[in-house]
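Subject: Structure handover

Hello,

Here is the structure I promised to pass on. Please open it first, then read the notes below it.

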Amino acid sequence: MVNKIDGMTLKEMFASGAALLTQNRESVDALNVFPVPDGDTGTNMTQTINSAIREMNAKPYTSVADVADAVARGALKGARGNSGVILSQILRGFARALVGHEEIDSALLAQMIREGANTAYKAVMKPKEGTILTVIRVIAEDTVKIAGQYDDVSALFKTILTSGDAILRKTPDMLPVLKQAGVVDSGGMGLMVVFRGMYAALAGEPVDAGVEEKKTEASLPGEFVDEHASLRVEDIQFGYCTEFIVSHPRPDMKESEVVRLRKRLERIGDCVLVISDLSVVKVHVHTNEPGKAIQYALELGELDAIKIDNMFEEAREREARQAEAEAAKKAEMKEYGIVAVALGEGLANIFRDLNVDQIVDGGQTMNPSIQDLAEAADATNARNVIILPNNTNIILAAQQASELTDKNVVVLQTKSVPMGISAALAFNPEAGVEENTAAMSEAANNVHTASVTYAVRDTNYDSREIHSGDIMGMLDNKLEILGHNAEEVAAECTERMVNEDSSLITVYYGSDVTEEQARALGDVLEEKYPDCDVEVQNGGQPLYYYLVAVE
């Protein structure tokens, strides 16, 4: 029976949940309804929670409030794609509920789950039922109803799994597209994998660690790995970075004495590193009692290469330099900056030619994190930053990026690269923010986009039978055409987009298409649509043979 969850247990639970999701990432990816070669729900959620675990492991935490706050902060920084952003918001809700608490009882566990659901729903402008949102909401409702019946937190957590599994099985009844494909919601499944991993740790059934952690040990011979150079003054608990070598150990020194030294150092500091092959002992510790650390080590033999750095003073000097640099940077800050998401050197060059300040690698194949987008916004050195996400699965992350930067961030609803290019063309550096937002949005919405790729597996989607290897043509992100030849599918997509008002057709060809193939397609389109200008450009995008824009 477990009456309460303390900080250390919660830390183990989050780590276990992340490890189990890491192990099952590909299985969650496989549940993506759309059979494109970049179904990435499992990947996005895994990268998000692993970012949370790295933040959690960066410093020692004792209360559940501190653990949850670190997890939420790390998840926000690393959140990728819609599923990752929603997971980060659930974890953020957990942290909000745990503020000021040392431990979690059954009542607080229910409150934590409820706040996670509420926070996630608020983050999505148009919540869709049958998704991860439904799963967390129903779990919260069920948990709140029965929390008073349980003193055993582990028993209550087990009912969370029961409730979640039950609603997850019902998601195909809520979303016809899931039913046609014969799968449950991938985001909901990812969440349940995390919860199962958390329960395993709570119940004493640890999952094998699958989360990449930063290495903190160095092998002999070598240099110490110390990451205190990024700490702020207020974050420093132990102020003296102490390093030395026991260069001439006593001839009778035993391994047990090295172990004892490590344990004694852990009682007076953190970031302890004691490495020995019994011929030399390398020691590193952050402590407020460096003299005591040296005294302990003298019991093992002679000391050499003693170095003690005042981390408080280092941090003050570093912060002063950063403040000066920030002040200088603000003095030369410009009015506007533009950030665009694109994958492929050709597309990146097009955006650069349009004076886009920062290109973030990403798109369907790879969703950038919230932190990636926020750092790009900061790098523009502009007061107002316009972000062109250029993908429906990146818009939500872009909107959350404003929380990690002090810039005025404007996110345009560009759902494809051609929409982003059209928006960038409409930018006017002399206009105000609202005027630019309106003009750029209007330009983007005047573009129809077709994307041509291939199916990675057999499935049924939207009453269509799709086979692995089929060429798929999507119009404005909706599957419309199936075929066996990329150029033919691209031509048919173009035919469906062109109307009497169309004046420009632009073909961006991908990394798997030769220039000769693309030019031949351009010739076909020029002959068929003499009233339209036809441009063929090397996009270099992976996985997508063609992006075709009609304006």
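One definition before the findings: two strands pair if DSSP finds at least two bridges between them. With that in hand, look at Y508, which stands opposite L547 in β16. Please keep in mind that this is a predicted model.

**The whole chain**

The protein chain has 20 helices and 16 strands. Its C-alpha trace spans about 90 × 60 × 45 Å along the principal axes. The chain has 551 residues, and 52% of them count as buried. The accessible surface comes to about 25,100 Å². Carbon and sulfur atoms hold 46% of that surface. Now take the contacts with a separation of 6 or more: residues 24 or more positions apart account for 70% of them.

**Strand β16**

β16 covers residues 546-550. Five of its five residues are buried, so the strand is largely enclosed by the rest of the structure. In a regular strand the side chains alternate between the two faces of the sheet. Which residues of β16 are buried on each side? Y546, V548 and V550 are on one side, and L547 and A549 are on the other. Both faces are covered.

β16 has antiparallel neighbours. Strand β14 (residues 504-509) is joined to β16 by five bridges, and the two run antiparallel. Strand β9 (residues 448-454) is also joined to β16 by five bridges, again antiparallel.

L543 is not a glycine, yet its phi is positive, at about 70°. Is L543 buried or exposed? Its relative accessibility is 18%, and the cut-off for buried is under 20%, so L543 counts as buried.

N390 is another residue to check. Its phi is positive too, at about 60°, although N390 is not a glycine. You will find N390 in the loop between β7 (382-388) and α16 (395-400). N390 is buried, with a relative accessible area of 4%.

**Helix α7 and its neighbours**

Next, the helices. α7 runs over residues 132-146, which makes 15 residues. From first C-alpha to last, α7 reaches 22 Å. That is close to the 21 Å expected at 1.5 Å a residue. The buried residues of α7 are I132, L133, T134, V135, I136, V138, I139, A140 and T143. What do they pack against? The partners are α3 (41-57), α5 (81-98), α6 (106-123), α8 (153-174) and α10 (186-202).

S186 is buried, at 8% relative accessible area. Leaving out residues up to four places away in sequence, S186 touches V28, L31, N32 and T41.

D69 belongs to helix α4 (residues 64-78). D69 is partly exposed, with a relative accessible area of 40%. D69 and G93 are 24 residues apart along the chain, and their C-alpha atoms are separated by 9.7 Å.

**Strand β3**

V281 is in strand β3 (residues 281-287). V281 is buried, with a relative accessible area of 0%. Which residues does V281 touch, not counting those up to four places away in sequence? They are F244, I245, V246, M253, V258, V274, I275 and S276.

**A patch on the surface**

Last, the outside. Y240, I306 and I308 form a nonpolar patch there. Together the three have about 250 Å² of accessible area. I308 lies in strand β4 (residues 301-310). I308 counts as partly exposed, at 39% relative accessibility.

Best wishes

Notes:
Residues are numbered from 1 along each chain as its sequence is written. This is a predicted model: local features need pLDDT of at least 70, side-chain atom pairs count only at pLDDT 80 or more; totals for chains, interfaces and linings use all residues. Side-chain values use heavy atoms; hydrogens and water are left out. Patches are made of residues with over 30% relative accessible area and no salt bridge: like charges are joined within 9 Å, nonpolar side chains (Val, Leu, Ile, Met, Phe, Trp, Tyr) within 5 Å. Accessible areas come from the Shrake-Rupley method with a 1.4 Å probe; for residues, only the protein chains shown count as cover. A salt bridge is a side-chain nitrogen of Lys or Arg within 4 Å of a carboxyl oxygen of Asp or Glu. Helices (H or I, at least four residues) and strands (E, at least two) are DSSP runs, numbered from the N terminus. Buried means under 20% relative accessible area, exposed over 50%, partly exposed in between (1.4 Å probe, protein chains only). The expected span of a helix is 1.5 Å times one less than its number of residues. Contact means heavy atoms within 4.5 Å.
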